Amino acid sequence: MNQVKAELTFLRALAGVNLASAMEYRASFISQIIGMLINNGIYFVFWIIFFNQFGTVRGYNVDEIFLLFAIATLGYGLGFMFAGNTRQYLAYLIAQGRLDYYLVFPRNLLLHVIFSRMTVSTVGDVVFGLIAYSFTGRFTLVEIGLFLITAVLSAIIFVGYSVISGSLAFYMGAAQYASQQMTNAMLTFALYPNGLFSGAARVMLYTIIPAAFVAAVPVDIVRFQDGRLLLLLIGTAVIIWLIAIAMFYYGLRRYESGSAINVNL
């Protein structure tokens, strides 16, 4: 228990340092957040126009799209706002032999690595997710509670999957591009109504690229207040993280040091 408390204290301090560092340049900090809000807003306008033209499509209307975007963007933002050293960044560190710096610290290696970087623009995703939820009209305590719980689980799945994609560098060498594409594909597919996909594409969204578990399944949990789906989502998050931990630490045996000398002042 003391070890867990020590790790949590360390990670909280790490997040504080990253946030203070990002806010040192206020103009850049604010512009990145505003830029992400505009980017998400433009993408969302497309769906508003679409549903105004075609009405309900396979159980989804514009209200479900608000909820879909709210959960997906809040989950993505929460995940990568704190765990920014994942995806292609983790693949780069591995391929370039840059894990040496982290290996000498008496801390949990994987957590130390992924929480050592903050992605500032994802603060805009968090803000956008909360704004989008305000348009859903779902304001009972149960609905708000399920929204927040599923968004956190979505964040855990996003980060776990990005650790898996980043850890491919242990096995492939230069895997930055593949890792980036895998994470981008997951986010892109997550922002589409699940009912649009069928056959092999639908199977893929529940397995190889588990985009359904970061948006569509959480949406159904909030809409139908389905406890079994919530347990399924929790189980999926656990499985993805078990795979991520296994891939990272098994791959670490193949790690080759870059013999880089780091001096931090």
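A crossing of two helices is left-handed if the near helix is turned anticlockwise from the far one by less than a right angle, and right-handed if clockwise. This tour of a predicted model relies on local features with pLDDT of at least 70 and on side-chain atom pairs at pLDDT 80 or more, while totals for chains, interfaces and linings use all residues. Residues are numbered from 1 along each chain as its sequence is written, and side-chain values use heavy atoms, with hydrogens and water left out.

**Stop 1: α3 and α12**

Select residues 62-82, helix α3, and residues 216-224, helix α12. Helices here are DSSP runs (H or I, at least four residues), numbered from the N terminus. The two axes, lines fitted to C-alpha atoms over the stretch in contact, come within 9 Å and cross at roughly 120°. That makes α3 oblique to α12; angles run from 0 to 180 degrees between N-to-C directions, and oblique covers what is left after under 35 degrees (roughly parallel), over 145 (roughly antiparallel) and 65 to 115 (roughly perpendicular). The crossing of α3 and α12 is right-handed.

Now show side chains. From α3, pick Glu-64, Leu-67, Leu-68 and Ile-71, which meet Ala-216, Pro-218, Val-219, Val-222 and Arg-223 of α12. Contact means heavy atoms within 4.5 Å. The contact of α3 with α12 has 7 nonpolar, no polar and 2 charged residues, where Ala, Val, Leu, Ile, Met, Phe, Trp, Tyr, Cys and Pro count as nonpolar, Asp, Glu, Lys and Arg as charged, and the others, Gly among them, as polar.

Stay on α12. Its buried residues (under 20% relative accessible area, 1.4 Å probe, protein chains only) are Ala-216, Val-217, Pro-218, Val-219, Ile-221 and Val-222. They pack against α3, α8 (141-167) and α13 (227-252). Just after α12, select Gln-225, which takes a positive phi of about 50°.

**Stop 2: α4**

Select residues 87-95. The buried residues of α4 are Arg-87, Gln-88, Leu-90, Ala-91, Leu-93 and Ile-94. Just after this helix, Gly-97 has a positive phi of about 65°.

**Stop 3: Asp-125**

Go to helix α7, residues 122-133, and select Asp-125. Is Asp-125 buried or exposed? It counts as buried, at 4% relative accessibility. Leaving aside neighbours within four places in sequence, Asp-125 is in contact with Met-36, Asn-40, Thr-73, Leu-74, Tyr-76 and Gly-77.

**Stop 4: aromatic rings**

Colour Phe, Tyr and Trp; the whole structure has 22 aromatic pairs. Rings (for Trp, the six-membered one) pair if their centres lie within 6.5 Å, and planes under 30 degrees apart count as stacked, over 60 as edge-to-face and the rest as tilted. Trp-47 and Tyr-192 form an edge-to-face pair, because their ring centres are 5.5 Å apart and their planes stand at 85°. Trp-47 is in helix α2 (residues 26-54) and Tyr-192 in the loop between α10 (176-190) and α11 (199-205), 145 residues apart. Trp-47 is buried at 2%, whereas Tyr-192 is partly exposed at 29%; partly exposed lies between buried and exposed, the latter being over 50%.

To finish, select the cluster that ring pairs link: Phe-46, Trp-47, Phe-50, Phe-51, Phe-54, Phe-189, Tyr-192 and Phe-197.

Technical notes. Helix = DSSP H or I, 4+ residues; strand = E, 2+ residues; numbered from the N terminus.
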